[in-house]
Amino acid sequence: MARPVRVEFAGAVYHVMARGNERRAIFRDDKDRERFLDALAEMVERFSVRVRAYCLMANHYHLVVGMPLGNLSQAVGWLQVTYTVRFNRRWRRSGHLFQGRFKAQLVEADAYAQWLVEYVHLNPVRPRRKGEAIARERAAELDAYRWSSHPEYAGLRRAPGWLCLDWRRYWGESEVEATRGYRKRIAGFFVAGRVPSPWEGLRGGLVLGGEALWGRVQRLVAGKPGQDEGHWTKAVERERLRQRVEQLAAAEPDERIKMWLLARLGGERSAVLGRRFGYRDGSGVAYALRRVEAEAGENAALREKLEQAKREISSLQS
């Protein structure tokens, strides 16, 4: 399996996530969580990292970090090795604690800072099944959760020296306005229910941002040899294909055909399409797709339209 590509440059911002090996717990109790945060504080000091937000769950963690020196792999690699050694020593175990390499997505801060921080902080109360609403009564549970930076953003706890709260400006100019704005936004999720995922707009499996950042990443990866370059060449091709399918769908007035294009040619998941087109679940989407294909068997004009779309997308893949 190809190793995940790392695109690192000074000033980059990332969402970092890692799971326990075989999805097992990486924190067995609060003492483990405290030790992880101690290691995180050491990482900040050693590698000049700016931790913007974090959330510790039972078998995984989330970090939002800025890297002034462009040394993400070195810093997070040190964090995971250090914590693993301390965890293993405490629990008298050996071997890997984390599942492979950590995941890291590049983030365009101005466009996605609010969305990403809120998404990370809502992890403790977000339902396991994607698309389900958050129960309103869980708002108090979120405020009581100790193992994320939500309490600092919400003004419920004094921030440790290693946590950088510069991003609070995205919710308000002054500290009071920012706290009020952040709490209002978080409260809105318990009213609206579902928490939209920022990852639905992820480019090439790594970039959450606009054309400028995406273009910079492509240029950086073009000079990387071996597996990284091959992995990213495929990622760029997938992104180009996805954009073209979206263009075809946008020009199509019939929503059934629009959905067919996105599913069959763009590879979009039924659950995502269901939310987008108002279906209760993915089975309704699957039924609608089969109806379109059955109709194309009897309707020459529709059949030609679908075939033409297939030919165009095939030409991009050749």
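Biologist: Is Asp30 buried, partly exposed or exposed, and what is its relative accessibility?
Modeller: Keep in mind that this is a predicted model. Asp30 counts as partly exposed, at 32% relative accessibility.
Biologist: Which residue forms a salt bridge with Asp30?
Modeller: Arg33 does, with the closest N and O atoms 3.1 Å apart. Arg33 counts as buried, at 13% relative accessibility.
Biologist: How are Arg33 and Asp30 placed in helix 1?
Modeller: Helix 1 covers residues 30-47, and the two sit 3 residues apart in it, so about one helical turn separates them.
Biologist: Switching topic. What about Arg185 and Glu118?
Modeller: Their side chains meet in a salt bridge, 2.8 Å from N to O. This pair links distant parts of the chain, 67 residues apart. Arg185 is in helix 6 (residues 175-192), and Glu118 is in helix 3 (residues 109-121).
Biologist: Glu118: buried or exposed?
Modeller: Buried, with a relative accessible area of 0%. Arg185 counts as partly exposed, at 39%.
Biologist: And which residue does Glu304 meet in a salt bridge?
Modeller: Arg311, at 2.7 Å from N to O. Glu304 is partly exposed, with a relative accessible area of 41%. Arg311 is partly exposed too, at 42%.
Biologist: Which residues are linked in a network of salt bridges?
Modeller: Asp29, Asp32 and Arg90 are linked that way.
Biologist: Last one. How many salt bridges does the count come to?
Modeller: The count is 21, taking a side-chain nitrogen of Lys or Arg within 4 Å of a carboxyl oxygen of Asp or Glu.

Technical notes:
Residues are numbered from 1 along each chain as its sequence is written. This is a predicted model: local features need pLDDT of at least 70, side-chain atom pairs count only at pLDDT 80 or more; totals for chains, interfaces and linings use all residues. Side-chain values use heavy atoms; hydrogens and water are left out. Helices (H or I, at least four residues) and strands (E, at least two) are DSSP runs, numbered from the N terminus. Buried means under 20% relative accessible area, exposed over 50%, partly exposed in between (1.4 Å probe, protein chains only).
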